[in-house]
Amino acid sequence: MLTHLSLAMPVKLDPRVVLFAVMVIVGLVLWLFGRRLTKPLCILLGTAAGALAGFVLADQLKISSSGIAIYLMCVVGAAVGVLVSWLLFRLWMALTLGILMAVLLGYGMPGVMRPWLNDGGRPPIPHEAASYDGSVGAALTQSNEEAAVIDQAVVVVRRVTEAVRNWWAYLSPRGRQLAVAAGLIGLFHGLILGIWKPLIAASLQTAFAGALLLVWADWSLVIPRLSADTLDGLRHSWVAPAAVGLITILGVIVQWTIRRRQTDK
């Protein structure tokens, strides 16, 4: 009798486990098949944006007396969205890759060139030490677990914003010039590569996104078990960026290997 009752009781999953599983699955799909999914996803987003634009336009034109008219406006908007997203696929790949390379080079080059920038003597920006004493887990055990997850996401966004501000304030004038120059170089080369070879741009971006999700998912399991001092030391190390970079390169190779095998068949 007890066995039947235990089987009938609903199993409550930890939101952190669900989030970890989603990040790993999405990361693996992007890492393995991102090049093949990029164009369909762009067209799908263009379709949704076009349909939404048609609905908004119908509302602005006060076309509300007839449901058929609104439906036709959404259909026309979706068709325009499909056409535009298909025609501008190269431009979209160029813009996204340009922005990605600008951010990566602009952020990474001052760190790589720090010994030559004479920034070693600059004092660190004061910040509050992060606390990982299990308070996040305690919050997630409350009845409003979904709200707690959203609150934690907001906290992460705020921390990232504050980290970017501290990073810029920490740079010397020469380091800031290098960051801007490297960002512009990355933007230019990303635009050229995206227009010239959009599929390579798609592979790079999806492999990077997949690698970032995989590393982030694994890292999220480790962080709660680290002390504040250990975490502060890891913030200034190249362990995570190096892992993301290596996994990204491997992902691009895997994607094109899969493509060649399918072409041979």
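**Packing around the helices**

Modeller: Let's start with Phe208: leaving aside neighbours within four places in sequence, Phe208 is in contact (heavy atoms within 4.5 Å) with Leu100, Leu104, Val244 and Thr248. This is a predicted model, where local features need pLDDT of at least 70, side-chain atom pairs count only at pLDDT 80 or more, and totals for chains, interfaces and linings use all residues. Residues are numbered from 1 along each chain, and side-chain values use heavy atoms, leaving out hydrogens and water.

Biologist: Which residues make up the largest nonpolar core?

Modeller: There are 11 residues, among them Phe208, Leu100 and Val244. Such a core is a set of buried (under 20% relative accessible area, 1.4 Å probe, protein chains only) Ala, Val, Leu, Ile, Met, Phe, Trp, Tyr and Cys residues joined through side-chain atoms within 4.5 Å.

Biologist: And which helix gives the most to this core?

Modeller: α9, with five residues. Helices here are DSSP runs (H or I, at least four residues), numbered from the N terminus.

Biologist: Switching topic, at what angle do α4 and α8 pack?

Modeller: About 155°, with their axes 6 Å apart. The axes are lines fitted to C-alpha atoms over the stretch in contact, and angles run from 0 to 180 degrees between N-to-C directions. That makes α4 roughly antiparallel to α8, a label for angles over 145 degrees.

Biologist: Back to α9: is Ser203 buried or exposed?

Modeller: Ser203 sits in helix α9 and counts as buried because its relative accessibility is 0%. Not counting residues up to four places away in sequence, Ser203 touches Arg35, Val252, Gln255 and Trp256.

Methods
Helix = DSSP H or I, 4+ residues; strand = E, 2+ residues; numbered from the N terminus. Parallel < 35°, antiparallel > 145°, perpendicular 65-115°, else oblique. Buried < 20%, exposed > 50% of the residue type's maximum accessible area, 1.4 Å probe, protein only.
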